[in-house]
Amino acid sequence: MGNGWHEWPLMFFTVIGQCVTGGLIVSGLGWLACADNSENRARLTRSLFFLWLLMGIGFVASMMHLGSPLRAFNSLNRIGASPLSNEIAAGSLFFAVGGLWWLVAVLGKMPDVLGRIWLVLSMLLGVIFVYAMTRVYQIDTVPTWHNGYTTAAFFLTVLLSGPLLAALLLRVARIPFNGGVFAFISVLALLASVAVVIMQGADLATLASSVQRASGLVPDYAALQVWRLVLLAAGLGCWICPLLWRREPQVLSLLVGLVMVLAGELLGRGVFYGLHMTVGMAVGG
């Protein structure tokens, strides 16, 4: 029993990968909207460097979990047959295609039409990457992971952290950004996260094997989830409150908000890994 912190490399890899995916989609829409202002687009392109820096940090964390980069290469031998191989392949493709798009764009060598197509392709690859992540944990002998809560939680992280990361990057680039729609999406994602916590908590009480009950895997499940939701709400508040006051959020406010949201999602991901329970057959009751 525990809180899953021993899996911290995977916690960082999954949360950062999902955050970058959401960040690229929202900031990418901003990049596409800057078609008539080359100066704004150039500033935004430079600020998008931080997306790929974060993604690089995520991959370094994943390598620490594997113990050796060679193991990552070996796992690619089973693409199509192994969810782990598919995840690594999808993540590597997303990183390579998106990173190369950024490099060509920042050098100013990108034809406009090609840049648009390439960027949209990178966004789609990010979504495929997150989906591939969810498949890794759909293991029928791990009933606490083999459910829709896992898929929902991973995609909700995209919606909770990605738009806030994009808002920060757009603010750094001094790009006018009416983030009301995306802030509303993040609020809906927060409400959905509350629902997932409640429903999953109820389901844990029904799962047990001959040696353990799922509800006992993380004894502080409720308290940890409350703290997670508080961090998420406070982090989003750093972005949303200035919008409600019809003010432009400041860089520091957005940065603090992003750190709090990521801290909340890392806390939730620690709970997720702490719920690992391998059984030959789960039983209800």
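**Close-up views of helix H1 and its packing partners**

**View 1. Crossing of H1 and H7.** In this predicted model, H1 passes H7 in a right-handed crossing. The contact is formed on the H1 side by Val-15, Gln-18, Cys-19, Val-20, Gly-22, Gly-23, Val-26 and Ser-27, and on the H7 side by Phe-154, Thr-157, Val-158, Ser-161, Gly-162, Pro-163, Leu-165 and Ala-166.

**View 2. Geometry of the H1 and H7 pair.** Helix H1, spanning residues 8-33, packs against helix H7, residues 148-172, at an angle of about 55°, and their axes lie 7 Å apart. That angle makes H1 oblique to H7.

**View 3. Geometry of the H1 and H6 pair.** Helix H6, which covers residues 112-136, packs with H1 at an angle of about 155°, the axes of the two being 10 Å apart. H1 and H6 are therefore roughly antiparallel to each other, since angles over 145 degrees count as such. The crossing of H1 and H6 is left-handed.

**View 4. Residues between H1 and H6.** H1 makes its contact with H6 through Phe-13, Thr-14, Gly-17, Gln-18, Thr-21, Leu-24, Ile-25, Gly-28, Leu-29, Trp-31 and Leu-32, while H6 contributes Gly-115, Arg-116, Leu-119, Val-120, Ser-122, Met-123, Gly-126, Val-127, Phe-129, Val-130 and Met-133. The residues of the contact of H1 with H6 divide into 13 nonpolar, 8 polar and 1 charged.

Definitions and conventions:
Residues numbered from 1 in each chain as written. Predicted model: local features only at pLDDT ≥ 70, side-chain atom pairs only at ≥ 80, totals over all residues. Heavy atoms only, no water. Axes fitted to C-alpha atoms, helices over the stretch in contact; angles between N-to-C directions. Helix = DSSP H or I, 4+ residues; strand = E, 2+ residues; numbered from the N terminus. Parallel < 35°, antiparallel > 145°, perpendicular 65-115°, else oblique. Left-handed = near helix turned anticlockwise from the far one by under 90°. Contact = heavy atoms within 4.5 Å. Nonpolar A, V, L, I, M, F, W, Y, C, P; charged D, E, K, R; others polar.
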